[in-house]
Amino acid sequence: MRLLKVASCNLNQWAMDFDNNLRNIKDSILRAKEAGARIRIGPELEVTGYGCEDHFLEQDTVSHAWECLKDILLGDWTEDILCSIGMPIIHAGVRYNCQVFCLNRRILMIRPKMALANDGNYREFRWFSAWTSKDKLIEFQLPTDVSESISQHSAPFGYGYIQLLDASVAAETCEELFTANAPRIALALKGVEIFINASGSHHQLRKLNLRMDAIKNATRFCGGVYMYSNHQGCDGGRLYYDGCSCIAVNGDIVAQGSQFSLKDVEVSTAIVDLDAVSSYRGSTSSFREQASHQADVPSIRAPYKLCQAFNLGTVPSSPVEIRYHCPEEEIALGPSCWLWDYLRRSGASGFLLPLSGGADSSSVAAIVGCMCQLVIKDIEDGDDQVKADALRIGQYKNGEFPTDSREFAKRIFYTVYMGTENSSEVTRSRAKRLADEIGSWHLNVDIDSVVSALLSLFQTLTGKHLRYKVDGGSNTENLALQNIQARVRMVLAFMLASLMPWVHSKSGFFLVLGSSNVDEGLRGYLTKYDCSSADINPIGSVSKQDLRSFLRWAAIHLHYPSLAEVEAAPPTAELEPIRSDYNQLDEVDMGMTYEELSIYGRLRKIFRCGPVSMFQNLCHKWCGKLTPSEVAEKVKHFFKYYSINRHKMTVLTPSYHAESYSPEDNRFDLRQFLYNSRWPYQFRKIDELVNKAADQRAANLPGQRPEDSDIKSGCGSGTGVVAVGSSNPNAGL
């Protein structure tokens with residue numbers, strides 16, 4: 001038996017914070033060595049942080065990365081352990097995303113990334129080039145100061161593998177795991193036994209199983225050991241990298257790190273048997289035949305041994321059951337960890353949330369409460385870094401430290417209910433009870449006087465008196481009166497966030513939290529520059545349907561029972577007067593349900609449907625429920641308001657990315673913000689399809705009038721229809 005202990009890491013790196021990143025890298029190497037590991041892999045671009053974006057274009061960024069690597073090589077960090085360290089490198093004037101293999105203070109090989117991620121949230125081609133040469137390794141001349149410090153002039157650079165005396169190792173980098181012609185295939189056929197993947201993969205609801213399946217399948221068909229490492233945390237942007245470093249052997253997961261954590265460093269280790277890899281491959285005749293014809297792959301030889309021989313005290317790691325969180329747990333844990341990283345790194349002293357007693361703001365409050373619970377748990381578990389951050393943020397003195405999540409929330413979380421004459425006692429009461437359950441410092445403020453002052457000013461300027469629609473006013477007046485209330489709340493929220501710490505003799509400032517969800521952003525059902533405008537928003541990419549499920553879950557598992565009442569209440573903005581015969585409701589205002597919005601969003605983004613193809617798909621999905629003409633009206637209504645309000649996405653509060661149909665304009669969903677909202681050509685095509693469906697129906701039912709043919713048992717026509725799947729709006733379409 002050739003037994004080898006290997007280590008894979010979750011690291012909470014911060015883009016451009018080289019001190020923090022280098023400290024975490026060294027800590028992870030030390031932990032791996034203490035555990036007896038002989039190979040250690042860290043995440044993609046771990047030296048700089050993955051999210052440097054246009055900072056990668058700066059020469060300083062690459063230079064600082066080399067300085068950090070030199071620091072590692074000059075110490076004893078790489079003694080007797082093969083380390084893969086991710087960093088940007090410039091070769092022949094071209095910038096590459098690289099893994100650097102180091103052992104015994106030497107650089108054995110530099111492996112540039114060959115398949116760059118360039119869709120969704122990723123823009124790697126903006127900063128890097130893909131390495132395309134597969135026929136040879138070239139000699140890369142090391143920077144002069146590095147070369148002189150470690151007495152090494154050059155290192156092999158390119159695609160290939162390292163042949164040690166008792167093992168063979170090769171790399172893949174993030175996206176290469178998911179490519180059709182993955183590098184590992186040729187390498188496995190050439191006999192490479194260990195694959196290491198340095199990744200920068202972000203959290204998205206219901207996504208982890210796809211990644212874990214890909215990791216298992218990477219070795220299920222070709223055999224081998226697959227070591228996967230990932231970032232974990234907020235490194236300065238909208239994404240939360242969700243860890244789950246793991247180790248797979250011949251299709252089985254034998255070690256898995258956490259998906260969500262407040263820790264800066266987490267190391268997962270496993271003992272693997274490389275002879276089991278040889279046996280697994282040799283048992284499949286087709287693999288043997290393909291391997292016998294595999295062309296040569298470049299390699300370098302390294303005269304080192306990593307494995308140990310058989311002994312009774314060293315047992316190969318057994319397969320483990322993969323740990324998955326339900327979507328409700330993901331909504332609780334991912335944004336909580338993201339908020340904690342943002343809070344401790346921003347210099348803020350806490351959060352302030354306008355709490356309306358509705359589903360969205362209550363979800364945000366529960367997430368902050370969950371964050372406080374996680375902080376207390378990690379302090380109890382002995383995490384010194386979390387404790388130090390909590391002491392600083394909570395401004396504890398005289399040896400005190402947080403021991404209770406509600407007491408900690410009272411120090412770092414302010415909630416404020418900003419009511420008007422249109423607010424109900426029900427929502428005011430719900431907000432107060434939830435604040436008490438979480439422990440936040442709660443304020444109850446009436447803003448009618450501020451609203452009245454603005455309306456009085458307007459009347460003085462124009463001589464016009466505004467009325468709500470229920471009191472005989474126009475749509476223009478009605479909308480303006482609602483927007484005034486909403487925007488006053490934003491101004492007051494930022495004022496309180498900057499001044500309340502001073503009021504309570506605390507230093508610093510509070511971050512204002514937003515609470516609009518992904519469906520409202522998609523539809524534009526929010527006031528531009530109202531309480532949706534904040535510093536950050538932990539639920540901006542979460543659907544209303546998922547939030548309601550989360551509220552039911554959190555009422556029990558986070559011990560906030562008032563959330564059950566919040567979830568059961570119909571969504572309402574409470575911006576119009578309450579009358580005995582009228583009560584403002586969100587879905588009535590929007591002209592569509594949140595369930596429908598979720599379906600529209602998935603078709604628009606995930607399946608890339610324009611108005612016509614969305615109409616065709618929904619005719620099939622809603623066949624028997626709606627007529628083609630009814631479907632057409634719904635699709636037209638959605639696209640009209642989506643396009644009218646698209647401009648609001650340009651100023652959308654930076655939000656935690658969690659959903660694959662997010663309309664976030666900064667990077668994920670790049671579209672114009674000035675549309676012809678009448679969509680004349682597209683809507684005309686829809687009308688033609690509706691008429692065609694009616695004619696077909698009439699032809700199939702002799703004697704029936706064409707105008708009667710548009711019945712609910714009829715289906716729309718069209719080709720190239722995407723299978724929409726489950727009627728559950730949260731199921732993958």
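Two rings of Phe, Tyr or Trp form an aromatic pair if their centres lie within 6.5 Å, with the six-membered ring taken for Trp. By that rule, this structure holds 26 aromatic pairs. The model is a predicted one. The structure also holds 39 salt bridges, while the count of disulfides comes to zero. The points below take up the aromatic residues, the charged pairs, the nonpolar cores and the cysteines in turn.

**Aromatic pairs and cluster**

- The ring centres of Phe638 and Phe639 are 5.1 Å apart and the ring planes stand at 75°, so this pair counts as edge-to-face.
- Phe638 is buried, because its relative accessible area is 0%.
- Phe639 is buried as well, with a relative accessible area of 2%.
- Phe639 also pairs with Tyr642, again edge-to-face, with 6.1 Å from centre to centre and 90° between the planes.
- Helix H21 holds both Phe639 and Tyr642, which are three residues apart, or about one turn of the helix.
- Tyr642 has 3% relative accessibility and therefore counts as buried.
- Phe638, Phe639 and Tyr642 belong to one aromatic cluster, together with Tyr600, Trp622, Tyr675 and Trp679.

**Charges over rings**

- The charged end of Lys387 sits over the ring of Phe401, at 4.3 Å from the ring centre.
- Lys134 lies over the face of Tyr159, and here the distance to the ring centre is 5.7 Å.

**Salt bridges within a helix**

- Side chains of opposite charge can pair when their charged atoms come close.
- Arg344 and Asp341 join their side chains in a salt bridge, at 3.0 Å from N to O.
- Both of these residues, Arg344 and Asp341, lie in helix H8 (residues 327-346), three residues apart, which is about one turn of the helix.
- Arg344 and Asp341 are both buried.
- The two also take part in a network of salt bridges that links Asp264, Asp341, Arg344, Asp389 and Arg392.
- A salt bridge of 2.8 Å, N to O, joins the side chains of Asp436 and Lys432.
- Asp436 and Lys432 are four residues apart in helix H12 (residues 425-438), again about one turn of the helix.
- Asp436 counts as partly exposed because its relative accessibility is 35%, a value between the limits of 20% and 50%.
- Lys432, with a relative accessible area of 39%, is likewise partly exposed.

**A salt bridge between separate parts of the chain**

- The side chains of Asp669 and Arg604 meet in a salt bridge, with 3.0 Å from N to O.
- Asp669 lies in the loop between helix H21 (628-644) and helix H22 (680-700), and Arg604 lies in helix H19 (residues 594-605), so the pair ties together parts that are 65 residues apart in sequence.
- Asp669 is buried, with a relative accessible area of 0%.
- Arg604 counts as buried too, because its relative accessibility is 1%.

**Nonpolar cores**

- The largest nonpolar core has 61 residues, and the members that touch the most others are Trp66, Leu69, Ile89, Ile107, Ile110 and Ile215.
- Helix H2 (residues 59-74) gives the most to this core, namely seven residues.
- Ile107, with neighbours within four places in sequence left aside, is in contact with Trp66, Leu69, Leu73, Val100, Phe101, Cys102, Leu142, Gln152 and Ala155.
- Another core, of 60 residues, lies apart from the largest one, and its members include Trp338, Ala366, Ile412 and Leu551.

**Cysteines**

- The structure has zero disulfides, where a disulfide would need two cysteine sulfur atoms within 2.5 Å.
- Cys174 is in no disulfide, and the nearest cysteine sulfur, that of Cys246, is 13 Å away.
- Cys174 is buried, with a relative accessible area of 8%.
- For Cys222, the closest cysteine sulfur is also in Cys246, but the distance between the sulfurs is 17 Å, which is too far for a bond.
- Cys222 counts as buried because its relative accessibility is 15%, and buried means under 20%.

Methods: Residues numbered from 1 in each chain as written. Predicted model: local features only at pLDDT ≥ 70, side-chain atom pairs only at ≥ 80, totals over all residues. Heavy atoms only, no water. Salt bridge = Lys/Arg side-chain N within 4 Å of Asp/Glu carboxyl O. Helix = DSSP H or I, 4+ residues; strand = E, 2+ residues; numbered from the N terminus. Buried < 20%, exposed > 50% of the residue type's maximum accessible area, 1.4 Å probe, protein only. Core = buried A, V, L, I, M, F, W, Y, C linked by side-chain atoms within 4.5 Å. Contact = heavy atoms within 4.5 Å. Phe/Tyr/Trp six-rings, centres within 6.5 Å; stacked < 30°, edge-to-face > 60°. Lys NZ or Arg CZ within 6 Å of the ring centre and 35° of its normal.
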